[in-house]
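Please look at the sequence and the structure shown below before reading on. The explanation that follows is written as a guided walk.

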Amino acid sequence: MANNVSKVNTISIGSIGKINGQNDSDLAKLNGEEFTYVPPVWSGTRAVLMGAYTYSWTPTYGSAGSSVYLNEVGYKTLDSDSNTSDWGDLNSARGVATGSGSNGTRTVQGGGNTASGFSDSIDILTAASTGTISDHGNLALATYTGCWDGASNGTTLLFIGGWKGGSFPYATDMIQEMTIASSGAADNGADLRYWGYGQCASMGDSKTLILEEEFQATGKEEISYHNFVSGADATDASRVATVPTSTAGMANSSTRAVIAGGAGDSVGGGTVHNKIQVFTVDSSADSEDEADLVQIIYRLSGTSDKTRGEFYGGTGSGGEYMQNDIQKIAIASISNAADCGDLAFSTGADTYTHAGSGSGIASQTAS
């Protein structure tokens with residue numbers, strides 16, 4: 001049944017975070033009118049894995065590897081235990097993107113590394129179909145290894161940090177912004193608190209939690225947030241992660257943000273772990289070390305449908321192996337992750353994959 005309440009004091013319900021301290025999902029009636037929670041239209045159940053990259057020094061499936069950049073796109077249904085299926089191809093072969101996101105219709109990925117250098121390309125696909133992937137414009141700055149799991153509220157997508165090369169500092173503190181329904185990303189003057197790469201961030205209705213990474217320093221445990229206001233800088237969230245980390249995977253629900261795996265040092269892998277850390281979004285508390293992944297792993301991707309979180313691919317401690325596991329968790333009652341399928345890229349180069357979502361980015365955070 002449709003929600004009978006559309007505005008309060010002329011303000012649209014969609015613009016109100018809480019009424020008398022209650023979220024709209026907790027309200028049944030308001031002044032006698034029925035109040036039915038309507039989930040964001042950009043949530044969904046299809047995960048899309050876009051491209052991949054493996055270093056030449058890293059063995060893949062136990063055999064000598066080569067420098068491989070993939071344009072393959074795989075997908076799967078988030079509530080099923082299954083391997084990925086082939087979707088189609090990106091416009092260029094690349095990995096380690098700077099960001100990805102969706103508005104429920106379009107799924108977007110931008111940036112990455114290619115055989116010829118850093119990419120500023122933004123690709124778009126239609127979430128409900130397969131096969132066609134189009135050019136969606138360009139980033140303002142070509143970067144890779146930013147926040148590849150994205151930071152989006154279903155309308156705005158933030159491309160966070162990343163490696164830019166050139167003169168020192170080699171990484172950037174830039175937050176590039178785009179409207180998913182349009183083309184191209186812009187530098188609107190927004191900055192992270194630290195310049196670096198290997199960040200991870202949650203999806204959100206009105207804000208994103210960002211685990212930042214400072215270049216050539218140990219993985220930072222400090223958490224920032226951004227409220228999706230154009231040109232606004234990231235702000236200290238006054239909380240820290242239990243274990244400092246970079247290049248981790250992220251999945252979240254409306255109340256919990258989950259950080260999985262990662263390295264304590266962004267340069268050369270450092271101390272890699274298999275920790276699953278959880279933040280309560282509306283709390284000022286630090287993260288809790290809730291459970292473990294199947295393997296010690298970093299450079300993995302993650303997404304969710306608000307109930308189930310999944311993590312894809314990654315590299316083991318020291319880079320001695322790349323793995324194609326898909327691992328699952330239940331976000332509301334997290335226990336150790338379980339293997340639920342495999343990435344199915346044709347070459348077997350299955351690390352540094354980038355999880356957007358299909359029917360829409362299926363993870364969100366509360367206001």
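The paragraphs below consider backbone features in loops, then a sheet, then salt bridges. The model is a predicted one.

The first topic is the backbone. The peptide bond that leads from Phe168 to Pro169 is cis, and its omega angle is near -5°. Pro169 has its place in the loop that lies between strand E16 (156–160) and strand E17 (172–179).

Thr247 is not a glycine, yet its phi is positive, near 50°. This residue sits in the loop between strand E22 (235–240) and strand E23 (249–252). Is Thr247 buried or exposed? Its relative accessibility is 8%, and because buried means under 20%, Thr247 counts as buried. Lys306 likewise has a positive phi, near 80°, in a residue other than glycine. Lys306 belongs to the loop between strand E27 (301–304) and strand E28 (308–312). With a relative accessible area of 22%, Lys306 is partly exposed.

The next topic is a sheet. Four strands form an open sheet in the order E19-E20-E21-E22, and their pairing is antiparallel. Which strands are at its edges? They are strand E19 (200–201) and E22, each of which pairs on one side only. Within this sheet, strand E21 (residues 222–226) runs antiparallel to E22, and three bridges join the two. Ser224 stands opposite Asp236, a residue of E22.

The last topic is charged side chains. Side chains of opposite charge can pair when their charged atoms come close. How many salt bridges does a search of the whole structure find? The search finds 10 salt bridges.

One of them joins the side chains of Arg308 and Asp81, with a distance of 2.9 Å from N to O. Arg308 lies in strand E28, whereas Asp81 lies in the loop between strand E8 (68–77) and strand E9 (85–89), so this pair ties together parts that are 227 residues apart in sequence. The two partners can also be described by their accessibility. Arg308 has a relative accessibility of 12% and counts as buried, while Asp81, at 47%, counts as partly exposed. Arg308 and Asp81 also belong to a network of salt bridges that links Lys76, Asp81, Arg308, Glu310 and Lys328.

In one, Lys275 is joined to Asp289, and the closest N and O atoms are 3.5 Å apart. This pair links distant parts of the chain, for Asp289 is in strand E26 (residues 288–292) and Lys275 is in strand E25 (residues 272–280), 14 residues apart. In the other, the side chains of Lys275 and Asp292 meet at 3.9 Å, N to O. Here too the pair links distant parts of the chain: Asp292 is in strand E26 and Lys275 in strand E25, 17 residues apart.

Asp289 counts as partly exposed at 36%, and Asp292 is partly exposed with a relative accessible area of 25%.

Key: Residues numbered from 1 in each chain as written. Predicted model: local features only at pLDDT ≥ 70, side-chain atom pairs only at ≥ 80, totals over all residues. Heavy atoms only, no water. Buried < 20%, exposed > 50% of the residue type's maximum accessible area, 1.4 Å probe, protein only. Pairing = 2+ DSSP bridges. Salt bridge = Lys/Arg side-chain N within 4 Å of Asp/Glu carboxyl O.
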